[in-house]
Amino acid sequence: MKPKLHLYRMAHSLTPQSNSTIQCPPFFILTGIPGLRDGQAWLTLVFGPMYLLALLGNATLLTVIRIDSTLHQPMFLLLATLAATDLGLATSIAPGLLAVLWLGPRPVQYAVCLIQMFFVHALTAVESGVLLAMACDRAVAVGRPLHYPILVTKARVGYAVLALTLKAVAIVVPFPLLVARFEHFHAKIIHHAYCAHMAVVELVVGNTRVNNLYGLALSLAVSGVDILGIAGSYGLIAHAVLRLPTWEARAKAFGTCSSHICVILAFYVPGLFSYLTHRFGRHTVPKSVHILLSNIYLLLPPALNPLIYGVRTKQIRDRFLEMFKFRKNQF
C-alpha cells in the first residue's frame, strides 16, 4: 500500500462515532483540500512556485535595501518590514501545505498546531498594519512634502513597527488560548491544509460562542480599521493631488503611490473574497473552494509584493540591476 493512501485511510479510521469524543489529542491530522484527494498533488505546481517566488523575491528585496545605504529611508524601511513579514507568513504555511498536497494527510502535533495558528494570524495582522503605515507615509509625502523629513523619521518608523508587532501579538494570543481551554474534541482530523482557527474550533466539544465572536470581532476590528485608515489616507492624497496645477505634476505625485495601491489590492481583494465566501457562502460554495481561497490569500501577496515593488520602484530596480551586472562580471 502506498504511504499516501495509507495515511489517508489512517486519518479516516481515526474519526470517532458521532456520540464519542477525544480527550485533548497529542496530534491532529491535516487532510488538505477536501474532495480533491490525489488531485491535490497537482496544486503543488501552483503553490510551490508561489512559495519559491516569495522566498527569492522578498530575500532579494531585503538584501537590496540592506546593502544600499541610500535606501535607508522611512519608505524603504517600511517596505523591508513588509518583505520580512511576507517571508514569515509564507514560511509559516507553505512547507506544511506542500507536504500535505504532495504526500497526503499528515499528522501535526497539538502544540505545533496552536503555534502555527498564532503565527499565521499574527503575521496577517502585522501585514495589514504595515500597509496602513505605508499609506500614512504616502499621505504625508504627497500632502506635506516639505515637512516629510521632519514628520516621518527612521526612529518613528521603528516605533510604529514595534507598536504594530505588539498590537498583533496582543490581539492574536487569545486565539490559541481560547482553543487550549477545551479538553475534548469530536475528532483528530482537520479538513484543512493548515491549522486555521475556525477549522480547529469546529472540532471542539463545548460552547464555542466566545471563539466565534472573537474571531468575527478581530476580523472586523483589524481589517476594518486598517481599511478605513487606508481609505482616509488616500482621500487626503487625492485631495492634495487634485490641488496641483498641472496634469504632469498630478501624474508624478500619484505615481509614487501606484506600487502601494497594487500591493493593497493584492492583499485585501483575495482576503475579502475569501472572507465573504466563508461567512455568507458556507452553504452554496464548496468547502474545497473556501480552503483553496484561504491558501491563495496567504501566499499570493508574499509572491507578488516583491515583483510589484521591484518592477515599479526605480531605486530598487536600478540597484538590483547593478547587483546583477556586478555578479555577472565576476563570473
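Biologist: How many disulfides does the structure hold?

Modeller: This is a predicted model, in which local features need pLDDT of at least 70 and side-chain atom pairs count only at pLDDT 80 or more, while totals for chains, interfaces and linings use all residues. Residues are numbered from 1 along each chain as its sequence is written, and side-chain values use heavy atoms, with hydrogens and water left out. A disulfide is a pair of cysteine sulfur atoms within 2.5 Å. By that criterion, the number of disulfides in the structure is 1.

Biologist: How many residues apart in sequence are the parts that C113 and C195 tie together?

Modeller: The disulfide joins C113 to C195, with an S to S distance of 2.1 Å. C113 belongs to helix α4 (residues 110–143), whereas C195 sits in the loop between β5 (189–190) and α8 (197–201). Helices (H or I, at least four residues) and strands (E, at least two) are DSSP runs numbered from the N terminus. The pair therefore ties together parts whose separation in sequence, in residues, is 82.

Biologist: Are C113 and C195 buried or exposed?

Modeller: Buried means under 20% relative accessible area, exposed over 50%, and partly exposed in between (1.4 Å probe, protein chains only). For C136, the relative accessibility is 37%, so C136 counts as partly exposed. C257, with a relative accessible area of 0%, is buried. As for C113 and C195, both are buried.

Biologist: How are α4 and α9 oriented, roughly parallel or roughly antiparallel?

Modeller: Axes are lines fitted to C-alpha atoms, for helices over the stretch in contact, and angles run from 0 to 180 degrees between N-to-C directions. α4 packs against helix α9 (residues 209–242) at about 15 degrees, with the axes 9 Å apart. Angles under 35 degrees count as roughly parallel, over 145 as roughly antiparallel, 65 to 115 as roughly perpendicular and the rest as oblique. The two helices, α4 and α9, are therefore roughly parallel.

Biologist: How many charged residues has the contact of α4 with α9?

Modeller: Contact means heavy atoms within 4.5 Å, and the residues involved include C136 and R138 of α4 as well as D226 of α9. Ala, Val, Leu, Ile, Met, Phe, Trp, Tyr, Cys and Pro count as nonpolar, Asp, Glu, Lys and Arg as charged, and the others, Gly among them, as polar. The contact of α4 with α9 has 13 nonpolar and 6 polar residues, and its number of charged residues is 2.

Biologist: Is the crossing of α3 and α6 left-handed or right-handed?

Modeller: The axes of helix α3 (residues 74–103) and helix α6 (residues 154–172) come within 9 Å and cross at roughly 25 degrees. That angle makes α3 roughly parallel to α6. A crossing is left-handed if the near helix is turned anticlockwise from the far one by less than a right angle, and right-handed if clockwise. On this rule, the crossing of α3 and α6 is right-handed.

Biologist: How many nonpolar residues has the contact of α2 with α12?

Modeller: The axes of helix α2 (residues 44–67) and α12 come within 7 Å and cross at roughly 35 degrees, and the crossing is left-handed. Among the residues making this contact are F47 and N58 of α2 and N295 and L299 of α12. There are 3 polar and no charged residues, and the nonpolar ones number 13.

Biologist: Is N295 buried or exposed?

Modeller: N295 is part of helix α12 (residues 287–312). Not counting residues up to four places away in sequence, N295 touches F47, I93, L97, A193 and Y194. Its relative accessibility is 0%, so N295 counts as buried.

Biologist: What distance separates the C-alpha atoms of P286 and G35?

Modeller: P286 is placed in the loop between α11 (258–280) and α12. With 48% relative accessibility, P286 counts as partly exposed. P286 and G35 are 251 residues apart along the chain, and their C-alpha atoms are separated by 9.3 Å.
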